[in-house]
Amino acid sequence: MSQPPRVAIVTGGARGIGATTARKLAAKGHAVAVVDLNEADAEATAKTITAEGGTAIGLGADVSDSEQVETAVSTVAERLGPPTILVNNAGVLRDNLLFKMSEDDWDTVMQVHLRGAFLMSRAVQGYMTKEGWGRIVNLSSNSALGNRGQANYSTAKAGLQGLTKTLAIELGKFGVTANAVAPGFIITDMTRATAERVGMDYEDFKNAAAANIPVRRVGRPEDVAAAIAFFTDEEAGFVSGQVLYIAGGPRT
Ligand code: NAP
């Protein structure tokens, strides 16, 4: 099936999984808006994409702030056209055991992952329903199944699965699908920061994780970007409300 070019937004697209996903979607011919907290970082990723022959812009926005979200989404529509692919990827960690977890640690994680995905999806759905076509992909995590030190993060990532299924039910009749990817251990700054927090060398941390993963390696951003690209595809129009674990095995 031919793939008409679309306009995609990737939040948290300045680095890690988001940046790789933005490049992948651009390589598929879509115009991509890289949205991230820091505008200069978002623009740097957009420049890499344009240097590779793609179309991209970088915008600064905090996904947990409704005004910034509305402004960013209207700017994308004005500069690139109606956004019909949304990857809710922006994320933060504030890991701590429950007894040491502050209210701020809890709220920050909920704000970025849950409120962020809600605000972005709400801002973009009007364009998608008007076009009669849309693809939303949310970044869950295998932490949704529970993970020590991540009461906040695992709750948010499980919540994103509920959001995904509800968006699939509400928006399906408008040609919009919603799916989630739930990565296991992926090599990014996020897992680097976790290694630092637990006082481990990153190589040792990765090797220890890989030993417990059935395919005997940790994941790369490309592993996740490939699955996200599938969900955004024309051909994936009958796949909705699903959660795909990308963890080198059924669980980690
Ligand atoms: P990362 O390297 O830390 O990148 C996250 C990006 O999100 C950063 O560019 C960050 O900006 C941006 N961001 C944070 N808060 C934001 C906000 N309020 N508004 C806009 N952008 C914001 O993370 P990653 O490892 O690529 O993870 C991407 C997604 O996958 C996250 O949702 C994460 O929870 C999920 N995930 C990751 C793994 C893994 O092993 N890495 C596993 C499962 C799920 P700054 O750099 O300015 O803070």
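Predicted model: local features only at pLDDT ≥ 70, side-chain atom pairs only at ≥ 80, totals over all residues.
How many residues surround the ligand, and which are the closest?

Figure 1. Residues are numbered from 1 along each chain as its sequence is written, and side-chain values use heavy atoms, with hydrogens and water left out. The ligand is surrounded by 28 residues (a residue is near a molecule if one of its heavy atoms lies within 4 Å of it). The closest are Arg15, Asp36, Asn89, Tyr153 and Thr188. By class, the shell comprises 13 nonpolar, 10 polar and five charged residues (Asp, Glu, Lys and Arg count as charged; Ala, Val, Leu, Ile, Met, Phe, Trp, Tyr, Cys and Pro as nonpolar; the others, Gly among them, as polar).

Figure 2. A polar backbone atom of Ile17 lies 2.8 Å from an oxygen atom of the ligand. For a backbone N or O atom of Ile186, the distance to a ligand oxygen atom is 2.9 Å, and for one of Gly184 it is 3.2 Å. On its own, the ligand has 890 Å² of accessible area, of which the protein covers 91% (Shrake-Rupley method, 1.4 Å probe).

Figure 3. Helices H1 (16–27), H4 (103–131), H5 (151–171) and H6 (189–197) each supply at least two residues of the shell (helices are DSSP runs of H or I, at least four residues, numbered from the N terminus). H6 gives the most, with three residues.

**Figure 4. Two packed helix pairs.** H4 and H5 pack at about 15°, with their axes 9 Å apart (axes are lines fitted to C-alpha atoms over the stretch in contact, and angles run from 0 to 180 degrees between N-to-C directions). H4 and H5 are therefore roughly parallel to each other (angles under 35 degrees; over 145 is roughly antiparallel, 65 to 115 roughly perpendicular and the rest oblique). H1 and helix H8 (residues 221–232) pack at about 50°, with their axes 8 Å apart, and are therefore oblique to each other.

Technical notes. Polar contact = N/O pair within 3.5 Å; in protein donor to acceptor, adjacent residues only side chain to side chain.
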